[in-house]
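Biologist: I want to learn how to read aromatic pairs in a protein model. Where do I start?
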Amino acid sequence: ARGFGDVVKEKVLVFATDQGVLDIAHGLGLRAFYDEKIFEKMPEKEASRYGDQAFTQMMYAKVVTVQLINRLGHDVLFQDVDLV
């Protein structure tokens, strides 16, 4: 991946919530996980307001990603895409 060292590529797992993100991660040479059954109904547009159905689904996805990785026995540093 451009700009990623081997150590970073080895340690990073992208948890994709759609096929597009999965394709981008693989294109960058990163390991990625996507489960269509779990995330097939994720909204494609942003939430209209705090607490609406789209917002709730997106927040749920954040919790599920961390829980699944922890259950596999891994430590997690969660980084949301809008936090830099």
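Modeller: Start with the rule. Two aromatic rings pair if their centres lie within 6.5 Å. Planes under 30 degrees apart count as stacked, over 60 as edge-to-face, and the rest as tilted. Keep in mind that this model is predicted.

Biologist: How many aromatic pairs does the rule give here?

Modeller: The count is two aromatic pairs. Take Phe15 and Phe33. Their centres are 4.9 Å apart, with 50° between the planes, so the pair is tilted.

Biologist: Which parts does that pair tie together?

Modeller: Phe15 sits in strand E1 (residues 13-15), and Phe33 sits in strand E2 (residues 31-33). The pair therefore links parts 18 residues apart in sequence.

Biologist: What about the pair of Tyr50 and Phe55?

Modeller: That pair is tilted too, at 4.7 Å centre to centre and 50° between the planes. Tyr50 is exposed, with a relative accessible area of 69%. Phe55 is partly exposed at 22%.

Biologist: What does Thr65 touch?

Modeller: Set aside neighbours within four places in sequence. Thr65 is then in contact with Phe15, Phe39 and Phe78. The Thr65 side chain also reaches the backbone oxygen of Lys62, at 2.8 Å.

Definitions and conventions
Residues numbered from 1 in each chain as written. Predicted model: local features only at pLDDT ≥ 70, side-chain atom pairs only at ≥ 80, totals over all residues. Heavy atoms only, no water. Phe/Tyr/Trp six-rings, centres within 6.5 Å; stacked < 30°, edge-to-face > 60°. Helix = DSSP H or I, 4+ residues; strand = E, 2+ residues; numbered from the N terminus. Buried < 20%, exposed > 50% of the residue type's maximum accessible area, 1.4 Å probe, protein only. Polar contact = N/O pair within 3.5 Å; in protein donor to acceptor, adjacent residues only side chain to side chain. Contact = heavy atoms within 4.5 Å.
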